[in-house]
Amino acid sequence: MRPTVSVIVPAHNAQGTIERALSSAWEQTRRPDEIVVADDGSTDGTAVLAERAGAQVLRLPKGNGAIGRNRAVDAAAGDLLLFLDADDAWEPGKVAAHLDAWSRDPGSFVFDFATRLRPDGVSDGYLGQGPEGSVSWDAFLEWTTWTTG
């Protein structure tokens, strides 16, 4: 059975980066089944741009990223959830690599690095590059820069 994949995106005033972030998710070698954007009370065009990009948008009152993320998780229909910040972008093989790792160990979490986007949408380098391969639980708890998973 092919698992369904939902991408969860919390966003607040991310007009300058949301289109590139969502494009990086939709343009995966294994396209996600849905993207759910939790718009956290944005006062710019974030929600409209996300809807135009094909995402399901939850228009929420201003709270914080964790609240938005949790609301998007509640609304998601996927078997597997992947998390993308509105100011990050994914490499094209990310979803496929996560699914491959998950298929080998279905009880696992999969973490990797992301590309941070500046407000003008330009790449600002990688975040959270850590060790490759499997990591023990103790090592995971000591690592402080996991950014995406």
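**Exercise 1.** Find the bridge partner of alanine 11 in β2.

*Solution.* In β2, alanine 11 is bridged to aspartate 39. Now step back to the strands: β1 (residues 5–11) and β2 (residues 34–40) run parallel and are joined by six bridges. Strands here are DSSP runs (E, at least two residues), as helices are (H or I, at least four), numbered from the N terminus. A pair needs at least two DSSP bridges.

A word on the model: it is predicted, with local features needing pLDDT of at least 70 and side-chain atom pairs pLDDT 80 or more, while totals for chains, interfaces and linings use all residues. Residues are numbered from 1 along each chain as its sequence is written, and side-chain values use heavy atoms, without hydrogens and water.

**Exercise 2.** Work out the order of the strands in the open sheet, and explain why one side of β3 and of β4 lacks a neighbour.

*Solution.* The four strands lie in the order β3-β2-β1-β4, with parallel pairing. β3 (56–60) and β4 (80–83) are at the edges with a single partner strand each, so one side of each has no neighbour in the sheet.

**Exercise 3.** Decide where the buried residues of α4 sit around its axis.

*Solution.* Start with the list: Lys94, Val95, His98, Leu99 and Ala101 are buried in α4 (under 20% relative accessible area with a 1.4 Å probe, protein chains only; over 50% is exposed, in between is partly exposed). They span an arc of only 165° around the axis, so they are on the same side of α4. That arc is taken from the directions from the helix axis to the C-beta atoms. Finally, β1 and β4 are among what covers these residues.

Definitions and conventions
Contact = heavy atoms within 4.5 Å.
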